[in-house]
Amino acid sequence: PEDATTPSGVLLKSVLLNGTRSSTTTPEVDAGWGRVWLDSNLYFAGDARQLRIFDVPNAAGVSEGQTMTFPLTVSAGEPLRATLVWYDPAPSFVAPQALVNNLDLSLEAAGQTWLGNQLAGGESVTGGAIDVLNSVEQILLPSPAAGDYTVRVTANGLTGNGESASL
């Protein structure tokens, strides 16, 4: 009961996507991020791992050009998956792309940086470019080195239209 929470819609979406499993590389055109597998991220008393949630409401979120950081310590043999989801308002009818607000997910450790949605063979790779098209970004390291990691969420384009949204 002390861990009970009323989740936001973006938190529910993030948790569902964070625990998906795919038979091929992700994301894929036909199956998205894969099949929802709740056992991959819902943990209970006595479990060795836990789900870490950072549910930040829009009013407490980032402003243009700002970055929020979230430190994580990863144990040996523990996969690391970080998923960022936010509500994005509807774009203008004549907008050149559908994404109105651009938040970017990155992960840093030991001099390496992984960017959201930069995947090869079903896992995140270093390098690449920030994702400017999606309101869901994910980083997956199936067997990262044990140690300290920093998850970053950066607001690289908050053009918005005044509608309420959540990070």
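Two residues are in contact when heavy atoms of one lie within 4.5 Å of heavy atoms of the other. With that in hand, let's walk through this predicted model. Of the contacts in the protein with a separation of 6 or more, 65% join residues 24 or more positions apart.

Reading from the N terminus, the order is α-β-β-β-β-β-β-β-β-β. Among the 167 residues of the protein, 35% are buried. The protein exposes about 9700 Å², and carbon and sulfur atoms supply 54% of that area.

Let's begin with the helix. Helix α1 spans residues 9–18, and its buried residues are Val 10, Leu 11, Ser 14, Val 15, Leu 17 and Asn 18. Viewed down the axis of α1, these buried residues fall within an arc of 165 degrees, so they line one face of the helix. What covers the buried residues of α1? The cover includes the strands β1 (20–21), β4 (80–85) and β8 (136–141).

Now for the interior. In soluble globular proteins, nonpolar side chains tend to be buried together. Here the largest nonpolar core has 22 residues. Those with the most contacts inside this core are Leu 80, Leu 103, Leu 105, Leu 107, Trp 114, Tyr 149 and Val 151. At least two residues of the core come from each of β3, β4, β5 (101–109), β8 and β9 (147–158). Apart from this core lies another one, of five residues, including Val 10, Leu 17, Trp 33 and Val 85. Val 10 and Leu 17 are also among the buried residues of α1.

Leaving out residues up to four places away in sequence, Val 151 touches Met 68, Thr 69, Phe 70, Leu 72, Ala 82, Leu 105, Ser 106 and Leu 107.

Finally, turn to Ser 63. Where does Ser 63 sit? Its place is in the loop between β2 (35–36) and β3 (67–74). Ser 63 has a relative accessible area of 41%, which means that it counts as partly exposed. With residues up to four places away in sequence set aside, Ser 63 touches Ala 155 and Leu 158. Ser 63 and Asn 156 are 93 residues apart in sequence, while their C-alpha atoms are 9.0 Å apart in space.

Notes
Residues are numbered from 1 along each chain as its sequence is written. This is a predicted model: local features need pLDDT of at least 70, side-chain atom pairs count only at pLDDT 80 or more; totals for chains, interfaces and linings use all residues. Side-chain values use heavy atoms; hydrogens and water are left out. Helices (H or I, at least four residues) and strands (E, at least two) are DSSP runs, numbered from the N terminus. Buried means under 20% relative accessible area, exposed over 50%, partly exposed in between (1.4 Å probe, protein chains only). Accessible areas come from the Shrake-Rupley method with a 1.4 Å probe; for residues, only the protein chains shown count as cover. The arc is that of the directions from the helix axis to the C-beta atoms. A nonpolar core is a set of buried Ala, Val, Leu, Ile, Met, Phe, Trp, Tyr and Cys residues joined through side-chain atoms within 4.5 Å.
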